[in-house]
Amino acid sequence: MRKKNVILEKLQVSDYAAEGKALAKLDGKVVFISGGAVPGDVVDVRLHKNKKDWAEGKAVYFHALSSERVTPFCEHFGVCGGCKWQMLPYEKQLQYKQQQVADNLERIGRLELPGILPIIGSARTIDYRNKLEFTFSNRAYLTETAIRENEGSILRRDALGFHIPGLFDKVLDIHTCYLQAAPSNLIRDTVKEYAMAHELPFYDLRQQEGWLRNLVIRVCTTGEVMVNIVLHHENKTDREKLSDHLLQRVPAITTLLYTINPKRNDSIHDLLPQVYYGKGHVLEKLGDFTFRIGPKSFFQTNTYQGQVLYEVAREFAGLSGKETVYDLYCGTGSIGIFVSRQAKKVIGIELIAEAIADAEENARLNNIANASFFTGDVADICNDDFIAAQGSPGVVITDPPRAGMHEKLVKKLLEIRAPKIVYVSCNPATQARDLLLLSEKYRVEKIQPVDMFPHTHHIENVVLLRWKD
């Protein structure tokens with residue numbers, strides 16, 4: 001029973017666990033299942049981890065399908081790696097996400113909790129992302145269906161789409177993606193068709209050669225559209241012809257950039273995008289506020305739910321106009337700016353200098369005079385001298401990355417003794433860990449899950465903590 005590659009037959013899937021894995025039990029042993037199983041399915045599972053009390057595996061055969069299932073709407077479902085919960089009705093997705101928050105806070109946090117408020121679902125379940133990044137590859141991933149349909153013919157293997165999970169050099173060619181509003185699909189298809197017609201070399205991720213690398217599209221609720229074409233090396237003639245063709249076919253594009261990336265990795269944070277057409281950035285709205293977004297800016301990828309998330313954070317902060325607010329991991333300043341009209345003063349802290357430059361520009365853009373932004377590690381900046389100079393916070397808002405807050409920062413927050421902390425998290429597991437550490441001096445007063453990413457297992461959660469009297 002402890003061997004790997006054992007197949008467990010006819011397991012009844014009973015629940016969902018963390019990170020979107022399904023769950024079954026066999027003789028008291030918990031089995032975590034990937035491969036698209038949902039509660040109610042009866043499946044055979046091939047194990048790749050097998051411990052005394054638990055195991056992990058992949059569903060390899062479905063004997064019976066759950067009555068909860070619905071038909072996925074995307075032809076790429078189950079292959080591209082995104083939108084893995086399309087086979088669940090949206091109300092069921094919300095139910096399991098709410099459960100995920102509760103399980104993490106109770107199991108990891110081991111806290112005395114108030115009732116968790118009902119999850120706030122997304123009004124849009126498709127076309128909700130404002131940013132997508134597609135990858136060019138000369139090693140398209142071919143499904144069994146594609147191989148069958150083209151048997152005996154020579155297939156061109158160029159693709160523009162998404163990486164196949166676990167296969168770094170294989171890219172699934174995307175025909176229609178439902179994550180981003182128009183003109184996203186038209187932009188992608190126009191670039192791909194032109195490139196193939198003119199035999200422009202798609203990148204070889206294994207050999208690190210070729211020309212076309214990435215296509216990054218940002219579609220804003222304001223109607224502005226930004227496109228960044230990432231190339232391995234400069235080829236001015238072909239670049240300008242491709243760019244002119246794209247602008248002619250998709251006049252909705254308001255700014256077009258290109259970035260030369262000769263590195264082995266796809267990151268452009270240390271590169272300089274060049275403007276070919278337009279102003280080099282787009283403007284997006286969150287509530288009454290306008291935000292300038294450049295090709296390297298971080299911004300909430302779901303603008304519609306981003307506003308809902310920030311409204312929850314602002315409500316939890318309960319500002320009267322007299323408080324100094326510390327906005328930790330402030331990024332481009334969006335949360336701090338969003339609450340600034342209800343605060344006496346906002347202090348934003350962020351490690352990435354370019355994000356702070358964006359935050360300062362966004363404050364100017366919105367005529368916010370009571371916000372200041374500082375570059376550096378939040379745990380190092382928030383020392384006694386800094387607090388003496390800026391004032392003690394009445395409210396701390398923290399929105400850390402998925403890894404959560406560094407333990408050094410948690411200890412610093414316990415020293416700062418802010419009356420309230422609003423903790424915005426994209427990972428309830430690391431949030432629960434941090435809440436346990438903060439529980440030495442703080443109690444949890446409110447919990448509000450917010451769904452930012454329909455058809456995925458990801459969930460945002462906002463927690464209000466209050467200093468214990």
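## Nonpolar cores

The largest nonpolar core of this predicted model has 73 residues, of which Leu212, Leu215 and Val422 touch the most other members. A nonpolar core is a set of buried Ala, Val, Leu, Ile, Met, Phe, Trp, Tyr and Cys residues joined through side-chain atoms within 4.5 Å; buried means under 20% relative accessible area, exposed over 50%, and partly exposed in between, with a 1.4 Å probe and protein chains only. With six residues, helix α5 (residues 303–317) gives the most to this core. Helices (H or I, at least four residues) and strands (E, at least two) are DSSP runs, numbered from the N terminus.

Leaving aside neighbours within four places in sequence, valine 422 is in contact (heavy atoms within 4.5 Å) with Ala313, Phe316, Ala317, Val395, Val396, Ile397, Thr398, Val462, Val463 and Leu464. Another core, of 36 residues, lies apart from the largest one and has Ile387, Val396, Leu435 and Tyr442 among its members.

## Packing of α3 and α4

Helix α3 (residues 184–197) packs against helix α4 (residues 236–249) at an angle of about 140°, and their axes are 10 Å apart. Axes are lines fitted to C-alpha atoms, for helices over the stretch in contact, and angles run from 0 to 180 degrees between N-to-C directions. The two helices, α3 and α4, are therefore oblique to each other: angles under 35 degrees count as roughly parallel, over 145 as roughly antiparallel, 65 to 115 as roughly perpendicular, and the rest as oblique.

From α3, Leu186, Ile187, Thr190, Val191 and Tyr194 meet Lys241, Leu242, His245, Leu246 and Arg249 of α4. By class, this contact of α3 with α4 has six nonpolar, two polar and two charged residues. Here Ala, Val, Leu, Ile, Met, Phe, Trp, Tyr, Cys and Pro count as nonpolar, Asp, Glu, Lys and Arg as charged, and the others, Gly among them, as polar.

## Backbone exceptions

Most residues other than glycine have a negative phi, and most peptide bonds are trans. Alanine 182 and proline 183 are joined by a cis peptide bond with omega of about 15°, and proline 183 is placed in the loop between β9 (167–173) and α3.

Aspartate 127, not a glycine, has a positive phi of about 55°. Its place is in the loop between α1 (90–107) and β7 (131–137), and at 25% relative accessibility aspartate 127 counts as partly exposed. Tyrosine 329 also has a positive phi, near 55°, and lies in the loop between β16 (324–328) and α6 (334–339).

## Basis

Residues are numbered from 1 along each chain as its sequence is written, and side-chain values use heavy atoms, with hydrogens and water left out. As this is a predicted model, local features need pLDDT of at least 70 and side-chain atom pairs count only at pLDDT 80 or more, while totals for chains, interfaces and linings use all residues.
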